[in-house]
Amino acid sequence: MIRRAIQALLCAVVLLPVTAFAGDASLASTRVIRSGSVIGVGDVLAAAEPIAGALSVPGDAIGLEAARTLFPGRAIMPGDLRPPSLVKRNDLVELRYAAGPLLIVTEGRALGRGARGDRIAVMNLASRATVRGVVTASGTVEVSP
């Protein structure tokens, strides 16, 4: 009897986010989500009332990173989220410089955070020079001539 009640409760919790987005409801966080944390499926639900400009589709938030701390029950705005960072400050990254047939690959230390396509500063560990490059999908930083 208790097992069935728990199963019914779990089904209701799992199906609630799916059924809760039938109207123009706004998206809200279910818990405190710290800046830099990636939003998961259980982290969002429908807010009590629709708010203009707030996200309304869970797929628009899931997999993105919180740009600031999100609090439970508050609507999630598009500016509250950003693409997830592939490179974090002080990470060791591969630096790639390509110009024609020349390819130089070395190691560097990231001086900031960066998602795919972001331009970040990296210190070349061999020369101690600071260069700027673009973060690629694999987490390497490409420096252009």
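**Close-up 1. R128 in the loop between β7 and β8.** In this predicted model, R128 is exposed, its relative accessible area being 55%. Phi of R128 is positive, about 65°, although R128 is not a glycine. Most residues other than glycine have a negative phi.

**Close-up 2. N90 in the loop between β4 and β5.** The loop runs between β4 (81-82) and β5 (92-99). N90, also not a glycine, has a positive phi near 75°. Its relative accessibility is 44%, so N90 counts as partly exposed; exposed would require a value over 50%.

Close-up 3. The side chain of T136 forms a polar contact of 2.7 Å with the side chain of T140. When neighbours within four places in sequence are left aside, T136 is in contact with L86, R116 and E142.

**Close-up 4. The largest nonpolar core and another core apart from it.** The largest nonpolar core consists of 10 residues: L27, I33, I39, V44, L55, A61, A66, L70, I76 and L81. Another core, of 9 residues, lies apart from the largest one. Its members include V93, L95, I120 and V141.

Methods: Residues numbered from 1 in each chain as written. Predicted model: local features only at pLDDT ≥ 70, side-chain atom pairs only at ≥ 80, totals over all residues. Heavy atoms only, no water. Helix = DSSP H or I, 4+ residues; strand = E, 2+ residues; numbered from the N terminus. Buried < 20%, exposed > 50% of the residue type's maximum accessible area, 1.4 Å probe, protein only. Core = buried A, V, L, I, M, F, W, Y, C linked by side-chain atoms within 4.5 Å. Polar contact = N/O pair within 3.5 Å; in protein donor to acceptor, adjacent residues only side chain to side chain. Contact = heavy atoms within 4.5 Å.
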